[in-house]
Amino acid sequence: MIEGAVARLTLNRPEVHNAFDDRLIEELTGALERFEQDQRLRLVILNATGTSFSAGADLNWMRRTAAYSWEENFADAQRLGRLMQMLDQLALPTLVQIHGAALGGGVGLVAACDIAVAADSAFFALAEVKLGLIPAVISPYVIRAIGARAARRYFLTGERITAQQALRLGLVHEVVPDKQLDDRLAELAQTLLGNGPQAVRAAKRLIRTAGRDAIDASLIDETARRIAEQRASAEAKEGVAAFLEKRKPDWRY
């Protein structure tokens, strides 16, 4: 939805807690492509309906990917990688509003945005390892946000991260009481809109140029290759099956 100079990109699958599937990835990518070309726009706000920001991968999508070939998994992961890269490198400033759960790919969306504000009750997790998977495609953005040291813990444990912990880690910039989340987003939006539009775009380019580690096509392909390999493994098949069947995984295969 576009309101004047502001585009709102809303995750709107509340019945599945805004979980990712291939269709949602395609829709989000298409929306970002349109926003990039719209000269009227000066800001993109990413938010979500329902009780969660995003619960990560959709269960039906997980069922399908468990049966994919390596080539199908690689192509599927590349599409998610392209979405994350587009959000990360969008010329327009991006502001993300997080409430409820932000899991897996949802954490990637948060990390790829310029400014992140969370409700106090929000929580995060990179729990892919509990399913025998890894957060490969989102890893460049999350590691850049929280640092390799924190990633060593949370990529390996899959622990829940509270909003206050996410603030200390650098995953989000602010945490506010739930009832104040909308008002704080509106304030930040007005601050961004009050700045020179060309200067804001130039500042984003400057950050990418001055940053030491480029997230380029070769890195995106490498992360897609790694998740494709992991998805095809016996461990991932058991982990996903156990999750879908609501049982503990048996890692003895």
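**Entry 1. Helix α10 and its cover**

I looked up what covers the buried residues of α10, and the cover includes α2 (59–66) and α9. I took contact to mean heavy atoms within 4.5 Å. The buried residues of α10 (residues 234–244) are A236, E238, G239, V240 and A242. Buried means under 20% relative accessible area, exposed means over 50%, and partly exposed lies in between, with a 1.4 Å probe and protein chains only. Helices (H or I, at least four residues) and strands (E, at least two) are DSSP runs, numbered from the N terminus.

I noted that this is a predicted model, where local features need pLDDT of at least 70 and side-chain atom pairs count only at pLDDT 80 or more, while totals for chains, interfaces and linings use all residues. Residues are numbered from 1 along each chain as its sequence is written, and side-chain values use heavy atoms, with hydrogens and water left out.

I went on to the segment after α10, where K246 is found. K246 has a positive phi of about 55° although it is not a glycine. Most residues other than glycine have a negative phi. K246 is exposed, because its relative accessible area is 76%.

I found a positive phi of about 55° at H17 as well, and H17 is not a glycine. H17 sits in the loop between β2 and α1. H17 counts as partly exposed because its relative accessibility is 35%.

**Entry 2. T223 in α9**

I checked T223, which lies in helix α9 (residues 217–231). Is T223 buried or exposed? T223 counts as buried, because its relative accessibility is 7%. I left aside its neighbours within four places in sequence and listed its contacts: A136, V137, S139 and P140.

I looked at strand β3 (residues 43–48), where 6 of the 6 residues are buried, so the strand is largely enclosed by the rest of the structure. L43, I45 and N47 point one way from β3, and V44, L46 and A48 point the other way.

I then noted the pairing, where two strands pair if DSSP finds at least two bridges between them. Strands of a sheet pair through backbone hydrogen bonds, either parallel or antiparallel. β3 pairs in the parallel sense with strand β2 (residues 6–11) over 6 bridges. In this pair, A48 in β3 stands opposite L11. The chain goes from β2 through α1 to β3, and this β-α-β crossover is right-handed. Right-handed here means that, with the strands pointing away from the viewer, the path from the first strand over the helix to the second runs clockwise.

β3 also pairs with strand β4 (residues 94–98), in the parallel sense over 3 bridges. L46 has V96 in β4 as its bridge partner.

**Entry 3. Helices α1 and α3**

I looked up how α1 (residues 22–37) packs on α3 (residues 70–89): the angle is about 30° and the axes are 10 Å apart. Axes are lines fitted to C-alpha atoms, for helices over the stretch in contact, and angles run from 0 to 180 degrees between N-to-C directions. α1 passes α3 in a left-handed crossing, meaning that the near helix is turned anticlockwise from the far one by less than a right angle.

From α1, I listed D22, I25, L28, T29, L32, E33 and E36, which meet D76, R79, L80, R82, L83, M86, L87 and Q89 in α3. The residues of this contact divide into 7 nonpolar, 2 polar and 6 charged. Ala, Val, Leu, Ile, Met, Phe, Trp, Tyr, Cys and Pro count as nonpolar, Asp, Glu, Lys and Arg as charged, and the others, Gly among them, as polar.

**Entry 4. The sheet of β5, β7 and β8**

I noted an open sheet of 3 strands in the order β5-β7-β8, with mixed pairing. Its edge strands are β5 (101–103) and β8 (160–162), each pairing on one side only. Neighbouring strands of this sheet are turned by 25° against each other on average, direction ignored.

I found that β5 and β7 (residues 123–125) run parallel and are joined by 3 bridges. L103 stands opposite A125 in β7. Helix α4 (residues 105–112) lies across β5 and β7, at about 95° to β5.

**Entry 5. A127**

I finished with A127, in the loop between β7 and α5 (139–157). A127 counts as partly exposed because its relative accessibility is 29%. A127 and L156 are 29 residues apart in sequence, and their C-alpha atoms are 8.4 Å apart in space.
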